[in-house]
Amino acid sequence: METNPSIPNGLWLPLITPFRDGMLDESSLRRLVRHYACEPIDGLILAATTGEGLTLDEEEVEHLVAITAKELTAAGRRLPLFLGLSGSDTRKLAKALGHSAAWPLDGYLIACPYYTRPSQEGMIRHFSTLADATARPIMIYNIPYRTGVNLGNAAMLELAALPNIVGVKDCSADMAQSLDLLRRKPPGFSVLTGEDALFHTMLAGGADGGITASAHVGARAFATVRHLFRDGDAPGALAAWHSICELPRLLFTEPSPAPIKYWLWRAGLIDTPEVRLPMLPVSDGLAAQIDQQMERFWILAPEGSRP
Ligand SMILES: O=C(O)C1=N[C@H](C(=O)O)C[C@H](O)C1
């Protein structure tokens, strides 16, 4: 079932950006998009944390969006496509929204302004200015342990009243805050967890889905957990979760997305596991662990791609 692009829900994949010799690897990108077009995901996000968005220049991002949209169309899959944006200068971000207005996108995932630690009122004005600068839907990305600032629930709910602020990717790392938001969120405002390890817990608390990098290798299992919940089978959802609950820990043992890229490379989905500095490739130790776990999680790896 396809989702309504304006109300994000379900399992969203923050796609990695494949590189080769320092450049965007277009052929691996096409292969990846064709692969995930056949997977049970409900939306795609480009150039977010997992997509190493902070290391991409503007032309690369435009190219990434164009290739992805084209491949999805060629695969006959209408999936909502959001672009990850981050920055601490409201004016520059508003310009980026204007600049990308004609790109084939359905919306944006915008992180809270990092480093400068604005007040709650400052962030309300930041996101309302951005909401005014585009007609497209915006999901707020609240991740205090990366940005240094937490968008509290009072501010979040004020922003949720704006017509094109359609949801939040919640990585508040504060369960009391997340559960309180789930209890108070208005209709039409989605809460998607961005904590892979909390996928089951947050769905049990009423979350609308998740944006999980681990879905690169476990999309079917993540989708099964959600579908069982949706169908009212809580014991089935828990059993399905137990089959994959150790996967996020493995994939986040070292800075992401290096472990995921290593996995996808071993699975034959991308041509190199290259990441851009300051990220580094996985250590030999983790590579050996992933090689071993690929056997164990084999059912989760792409069909016909055994290395
Ligand atoms: O790329 C993303 O967006 C994600 N970000 C989270 C993070 O920042 O750690 C993790 C999530 O799986 C995907």
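A polar backbone atom of Thr49 sits 3.3 Å from an oxygen atom of the ligand; a polar contact here is a pair of N or O atoms within 3.5 Å. This is a predicted model, where local features need pLDDT of at least 70, side-chain atom pairs count only at pLDDT 80 or more, and totals for chains, interfaces and linings use all residues. Residues are numbered from 1 along each chain as its sequence is written, and side-chain values use heavy atoms, with hydrogens and water left out.

| Residue | Protein atom | Distance |
|---|---|---|
| Thr49 | polar backbone atom | 3.3 Å |
| Tyr141 | side-chain N or O atom | 2.6 Å |
| Arg146 | polar side-chain atom | 2.8 Å |

As for cover, the ligand has 330 Å² of accessible area on its own, and the protein covers 97% of it (Shrake-Rupley method, 1.4 Å probe).

Who else is around? The ligand has 14 residues around it, with Thr50, Tyr141, Lys169, Asp196 and Ala213 coming nearest (a residue counts if one of its heavy atoms lies within 4 Å). By type, that shell splits into seven nonpolar, four polar and three charged residues.

Now for the charged pairs. The whole structure has 14 salt bridges, each a side-chain nitrogen of Lys or Arg within 4 Å of a carboxyl oxygen of Asp or Glu. One of them joins Glu71 and Arg34, at 3.2 Å from N to O. Since Glu71 belongs to helix H2 (residues 58–74) and Arg34 to helix H1 (residues 26–37), the pair ties together parts that are 37 residues apart in sequence (helices are DSSP runs of H or I, at least four residues, numbered from the N terminus).

Technical notes: Polar contact = N/O pair within 3.5 Å; in protein donor to acceptor, adjacent residues only side chain to side chain. Nonpolar A, V, L, I, M, F, W, Y, C, P; charged D, E, K, R; others polar. Helix = DSSP H or I, 4+ residues; strand = E, 2+ residues; numbered from the N terminus.
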